[in-house]
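Subject: A structure for you to look at

Hi there,

Here is the structure I promised to pass on. Please open it beside this email and follow along as you read.

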Amino acid sequence: MELYQKTAAELSAMLKNKEVSSVELTKAAFARTAAVEEKVGAYITLTEEKALADAAAIDAKRAAGEELPLLAGVPVSVKDNICTKGIRTTCASKMLENFNPPYDATVMDKLHAAGLVMTGKTNLDEFAMGSSCENSALQKTRNPHNPDHVTGGSSGGAAASVAAGEVSIAVGSDTGGSIRQPASFCGVVGLKPTYGTVSRYGLIAFASSLDQIGPFGRCVEDAAMLADVLRGYDKMDSTSYPREYDSLTAGLNADIKGMKIGLPKEYFGEGISEEVSKSVLAAAETYRQLGAEVVEISLPLSKYALPIYYILSSAEASSNLARFDGVKYGYRAEQFDGIIDLYVKSRSEGFGPEVQRRIMLGTYVLSSGYYDAYYKKARAAQRAIRADYAKAFEQVDVILTPVAPTTAYKVGEKTSDPLQMYMGDICTVSVNIAGLPAMVQPCGFDSNKLPIGMQLIGPRFGEQKLVNAGLAFEKASGLSNIVAL
Amino acid sequence: MKYEPVIGLEVHAELSTKTKIFCGCSTAFGAEINTHVCPVCTGQPGALPVLNKQVVHYAAKMGVATHCTVNRLCKSDRKNYFYPDLPKAYQISQFDVPICENGYVDFEVDGEPKRVRFERIHFEEDAGKLLHDEGDGTVVDFNRCGVPLIEMVTRPDIHSAAEAKEFLETVKTTLSYLQICDCRMEEGSIRCDVNVSVRPMGSDKLGTRVEMKNINSFSAAERAITYEVNRQIDVLEEGGQIIQETRRWDDSRGKNMVMRSKEDAQDYRYFPDPDLVAVEIDDAWMEQIESEIPELPQSRYARYIKDIGLQPKEARILSDSFDKACLLDDGVAMNRVDAKAIANWILSDISKYLNDKGLELKDTRLTAAKLVDMIELIEKNTISGNAGKKVLVQLFETDDSVDAIVEKLGLKQVSDEGAIRKLVDEVLAANPKSVADYKGGKKNAIGFLVGQCMKASKGKGNPKMINQLLSKTLEQM
Ligand SMILES: [Zn+2]
């Protein structure tokens, strides 16, 4: 077995036992990347020199007998909407193509403190707006399982980097499914943590009230280990919860006898492909056999989630992205006549069509005369959806659903029809609207050998339940550490 | 026809917190361009604001002092617009739920009581500053960006430029009493926008309102209002109509010009800032805020007239300055010397010293206890009033005790009767002509003789005793 085929959990043990050094691992990661990157295109920027230096520093510490955190020395990729000091952070946009942040995001400090070695910055839909990674203005990323198919998005580069064996773990972000849907399309594990558990300081905002940074891994344990590194209160982010977190890794337990798992009937009807439905229902059957109690539940407001999501996220995006005006940093039009013209040209030339579409949509729903009908109503509906979930979690421990209506579709298949593309988010957005944690992992393959994913949704701060339920299924199904190519 | 002006003000005051409203940068004025900046206040991608609790504290203090209802759950909203001095392209402010609502201040205009109601007080961040003459193009200085402000919006209760000016002075005094604003007008720490309309006297309908911006001092506000009221009356008198618009005041030319019409009014697309969770003022915090409100100027003003017997003008000078009022009240509270004597020292020599030096009381070392020590020595005839003036200068500039200063400068008055008698006898003997003049009916010759005695005592003789002894001796001669 090659090093690139190992999970982060395995690599962590090997490093601890000094069977391998971080420099060796890092070299292996870049060798693998060199071999497959042309087909995959996961990265926008590779930081090999810095990675090798960081790895050497970790090795030196280990050699000196220092006690190191679990993932110290393990290579990790980082989504390119997370600020890295002095390393360009593009959001896959022409607008920030040459932007070098003057500071590190809090999660970068955490990765550094835990001794992880960043390999580079991964591709995404421009400003995380999209579900296929095709909206990147800078890079084309393809599904490692079949390069004719999309990776999903927006964290397509992150998911692909893990699925292609370039790294075992990756940091992504999820606003409406941006970790979970590409995890599903690429056959890896992705966790969207409870809103407020991972600092957003330094995550270039798409929709502040929905964005959450989270881990990708080759298996549930990988995701749990990286989540342990990322979580934690940050005084620089006023939406982060002032509380302590127990280690998910230490709490891993595959015994789920008596666990109550809910199957919301609204998630298995029209619009979800039969292959996907069948596969997720088969997973439910596995859970039954493992001693869980599987019950049908109802989340009646699910049908409103998509419009609520597009109203709230676009409204916030229209304001969050207003700072990209050509004045201070980022793209500035070469020719302009006065300040208004500078704004108009810089933004028209710097932003791609999907970003402009959402800015216009968001500007519209916040406009005087429309605010009450759209934004205010969506906020009220958001509270109702939260209540919907709260009621469901009185009955069950976790909720099991599909992740997306289909498996990874073909490149170009949906780019001309934004609404069709938006429909693909139908199973994931309500989790962000309710601020809940959810985890995605492979539960099968379709007839084209493309991965099918399943989603486990937990109550607020219910991550431990999710990883335990995920681990139980992973052990029973053997669907773990799937490396494509 | 006679017209009545109807005026409402929007006053912005910079709060004197040490750090900015959403980051840890210093708020100090006058620093090198773009040195008090960080990722947060320059709107770097990914940077997040965290509300400075001191801002909430200060804003709530102003609310309590002006009889407002304080909303205990403080939410923040975004006001979206593009301008190069606004790095996020939105200003974090408060929209539908301001921290304070429905208050008022009372004051006097030409001796008549006046009340102006506050509609709201909210907190927000200041923008940066555009510098147009720093070489090529325009430079944006973000040092000011993120300095906390409160905006105070009045009801249209003001009916003259003079009332507006008195109102602004009252707001300024209140801010300084609460110690939440430096009130340095030249640094722009208090600014205001003015809404003006006029209506026929006796009407209760409001006329069309014009907003005026770019007013940089209280006297400019007075001039701008007078101008705008007259302009509107002229338009109406000529049969025209007032157009709802925003006009820009040009103080140097003494006139205003249209800035934008109602049609150009921006849609700020306010919405709750998703980066900031609401901050709650709990009961303990509220009690703390309430406990920090000192006795306010209006109340002290009344007390100084009634209890100390000061003239309204004197009471106003003292109550207008928190430092002076506190010096007086602290001194009076010691109950050792005449209250009016303390007031007089503050009104005369202390005020003069501060004016001459361009200082404020808090910049000096004078304390109420030392001032009282000094006055007490005068009342006991240990030193003369003139010597007191010399002691005072030392009290401003050193930490020495009054006794030590008197000792050091040798100011102790000679009040020993034997010594004074000797002086008087010598002076009378040396000035027979003046004695003759006095005896001949020129009673004011005694002034010269007192002067000679003082001179002979090198200024240390007790003038009262000298006077008495001289009079007595001359009468007996
Ligand atoms: Zn700052």
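Below I go through what was found, part by part.

First, some ground rules: this is a predicted model, so local features need pLDDT of at least 70, side-chain atom pairs count only at pLDDT 80 or more, and totals for chains, interfaces and linings use all residues. Residues are numbered from 1 along each chain as its sequence is written, chains are lettered from A and ligands numbered from 1 in the order in which they are written, and side-chain values use heavy atoms, with hydrogens and water left out.

**The two chains together**

Let's begin where chain B meets chain A. The contact (heavy atoms within 4.5 Å) involves 30 residues of chain B and 38 residues of chain A. Between these chains, about 2,700 Å² is buried, and carbon and sulfur atoms give 59% of that. Buried area here is the accessible area, found with a 1.4 Å probe, that two parts lose on being put together, summed over both.

How many salt bridges are counted between chain B and chain A? There is one. A salt bridge is a side-chain nitrogen of Lys or Arg within 4 Å of a carboxyl oxygen of Asp or Glu. Between the two chains, A:Arg200 pairs with B:Asp275 at 3.1 Å, N to O.

**Domains of chain B**

Chain B has three parts: domain 1 (3–288), domain 2 (295–409) and domain 3 (417–476). These bounds come from an automatic or database domain assignment. Where domain 1 of chain B touches domain 2 of chain B, 12 residues of domain 1 and 13 residues of domain 2 take part. Taken over C-alpha atoms, the centres of these two domains are 36 Å apart.

About 920 Å² is buried between domain 1 and domain 2 of chain B, with 53% of it from carbon and sulfur atoms. Which residues of domain 1 of chain B lose the most area to domain 2 of chain B? They are B:Glu108, B:Thr173 and B:Tyr177, which together account for 56% of what that side buries. One salt bridge is counted between these two domains. If you look at B:Glu166 and B:Arg316, you will find their side chains joined in a salt bridge of 3.1 Å, N to O.

Side chains of opposite charge can pair when their charged atoms come close. Over all chains, the structure holds 51 salt bridges.

- B:Lys75 and B:Asp77 pair with their closest N and O atoms 2.9 Å apart. B:Lys75 is partly exposed at 22%, whereas B:Asp77 is buried at 2%.
- B:Asp307 and B:Lys306 meet at 3.8 Å, N to O. B:Asp307 is exposed at 52%, and B:Lys306 is exposed at 71%.
- B:Glu376 and B:Arg336 come within 2.9 Å of each other at their closest N and O atoms. B:Glu376 sits in helix H9 (residues 368–379) of chain B and B:Arg336 in the loop between helix H7 (322–333) and helix H8 (339–357) of chain B, so this pair ties together parts that are 40 residues apart in sequence. B:Glu376 is buried at 18%, while B:Arg336 is partly exposed at 34%.

**Backbone details in chain A**

Now for the backbone of chain A. The peptide bond from A:Gly153 to A:Ser154 is cis, with omega near 10 degrees. A:Ser154 belongs to the loop between strand S3 (117–122) and helix H5 (156–163) of chain A.

A:Phe461 is not a glycine, yet has a positive phi of about 65 degrees. You will find A:Phe461 in the loop between strand S11 (451–457) and helix H15 (463–477) of chain A, and with 26% relative accessibility A:Phe461 is partly exposed. A:Asn481, also not a glycine, has a positive phi of about 50 degrees. A:Asn481 lies in the segment after H15 of chain A and is buried, with a relative accessible area of 17%.

Happy exploring!

Conventions. Buried means under 20% relative accessible area, exposed over 50%, partly exposed in between (1.4 Å probe, protein chains only). Helices (H or I, at least four residues) and strands (E, at least two) are DSSP runs, numbered from the N terminus.
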